[in-house]
Amino acid sequence: LADEMGLGKTVQALAFLATTSAYPAILVVPPHLIRNWQRELQRFLSPDGRLRVHVIRGLTPYKLPEADVYIIHYLLLRGWKDVLPEQGFRTVIFDEMQELRHNGTGKYSAASLLSQACENVIGLSGTPIYNQGGEIWNVINILDFHALGDWESFTREWCYGYGNNIVAKPELLGETLREEGYMLRRTKDAVLDQLPPKRRLVQEIDADDAVYRELMIPAMEALRRLRDARTNFDRARIEDEICQRMRRATGMAKAPYVAAFVRALLEGGEKVLLFAHHHQVMDLYKKELKAYSPAFITGRETPAMKERSVERFMAGRTDLCCLSLRAAAGLNLQRASCVVFGELDWSPAVHSQAEDRAHRIGQKDSLLCYYLVSPHGSDRAMQDALGLKISQFVGLMGDAQPEPEEQLFAESQAREHILALVDRLLSEQAEA
């Protein structure tokens with residue numbers, strides 16, 4: 001299933017499971033998408049909580065508990081290579097299947113053995129690979145062994161001679177894969193008239209618990225000081241400090257997973273605006289996404305540097321621009337096809353204005369806006385403040401610019417959420 005990004009591959013795969021009840025099933029996914037698949041399984045297949053889901057952990061095999069759906073990430077496949085084919089799975093779904101474009105690895109060998117043991121084999125990828133013939137041959141081989149013939153016959157028929165890795169006519173190969181029923185693909189252009197101008201998607205991603213706990217140590221010390229605060233002023237100051245430290249810890253803990261998510265978008269040909277709040281988080285993005293030569297507009301640049309960043313992105317010299325949530329006012333970055341919020345702000349207006357860097361009246365494309373949230377830390381409270389629910393993507397996030405009174409209301413509501421966040425920490429500390 002090779003629909004372009006944002007057209008519902010996950011839901012279609014779950015619809016297959018709902019229709020066929022081909023359980024037990026196993027999902028093989030990138031590490032940063034495990035939590036999102038757990039959420040989507042519950043949302044679409046098990047709102048009553050009856051579906052049993054088990055996430056496989058670690059490279060060392062253990063006796064698996066009974067479940068309807070198992071989830072494992074690609075990096076663990078090699079450790080479970082000999083065990084998974086014996087588990088009696090009826091269906092395997094490989095998400096972001098381009099992960100299997102290279103054979104000769106333990107991961108590929110394990111995936112091949114697993115797929116051969118299953119009745120149903122489904123691959124999901126918005127980036128089907130045509131130009132590198134060897135890669136598409138490897139991917140299809142997992143779905144149906146030698147569906148494209150052996151390597152020698154494939155390269156003779158489709159590439160520039162025996163053993164050559166480049167497909168001579170990629171469009172014709174793509175058409176053949178579709179006609180033979182090996183690939184289903186919809187592009188955004190084909191369904192654009194069915195899409196709204198702007199789509200907001202709230203997506204859960206993982207976070208590094210060890211990093212979060214370490215960065216929260218000063219916040220825990222501030223909690224102790226809060227108990228001794230004698231004036232409302234001191235109390236409010238310490239509460240704000242706790243909130244800021246928690247926001248920073250949340251952003252830093254999920255930054256590598258945000259970067260992995262953005263990397264997948266870029267590999268799929270998307271042009272991305274990545275928004276964050278903290279400079280330290282931006283520095284992590286810079287390190288993790290260095291290969292994509294990102295442009296930066298963080299408030300630390302001179303006007304000339306900021307102008308060069310805009311020009312680089314708009315001219316196509318980079319497909320990634322990283323921006324501070326509050327340092328992008330007035331910029332026109334319409335070339336973007338995706339907006340990603342790696343961190344959240346308390347104000348809905350800040351997010352709407354950030355989205356507007358890419359979305360303009362008259363724009364014909366459908367803009368995808370991803371809100372990447374962690375179930376830990378400050379994100380839950382900030383989601384509540386923004387009205388961003390997992391099951392809905394609008395809430396308070398209107399497209400019209402808010403009136404001053406509405407902005408004041410949003411800020412007062414944020415204060416209530418800060419207090420609730422501090423109370424939650426106090427309760428957790430008391431229980432510990």
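Let's start with Glu355, which is buried, at a relative accessible area of 0%. Keep in mind that this is a predicted model. So what does Glu355 form a salt bridge with? The partner is Arg200, and the closest N and O atoms sit 2.7 Å apart. Arg200 is in strand E6, residues 198-204, while Glu355 is in helix H12, residues 348-355, so we have a link between distant parts of the chain, 155 residues apart. And Arg200 is buried too, with a relative accessible area of 4%; the cut-off for buried is under 20%.

Next up, Asp283 and Arg300, whose side chains meet in a salt bridge at 2.9 Å, N to O. Asp283 belongs to helix H10, residues 279-288, and Arg300 to the loop between strand E8 (295-297) and helix H11 (303-314), so this pair ties together parts 17 residues apart in sequence.

Last pair: Glu66 and Arg52, with a salt bridge between their side chains at 3.5 Å, N to O. Both are in loops: Glu66 between strands E2 (53-55) and E3 (69-73), Arg52 between helix H2 (34-45) and E2, so they tie together parts 14 residues apart in sequence. Glu66 is exposed, at 69%, and Arg52 is partly exposed, at 39%.

And how many salt bridges does the structure hold? The count is 20.

Conventions: Residues numbered from 1 in each chain as written. Predicted model: local features only at pLDDT ≥ 70, side-chain atom pairs only at ≥ 80, totals over all residues. Heavy atoms only, no water. Salt bridge = Lys/Arg side-chain N within 4 Å of Asp/Glu carboxyl O. Helix = DSSP H or I, 4+ residues; strand = E, 2+ residues; numbered from the N terminus. Buried < 20%, exposed > 50% of the residue type's maximum accessible area, 1.4 Å probe, protein only.
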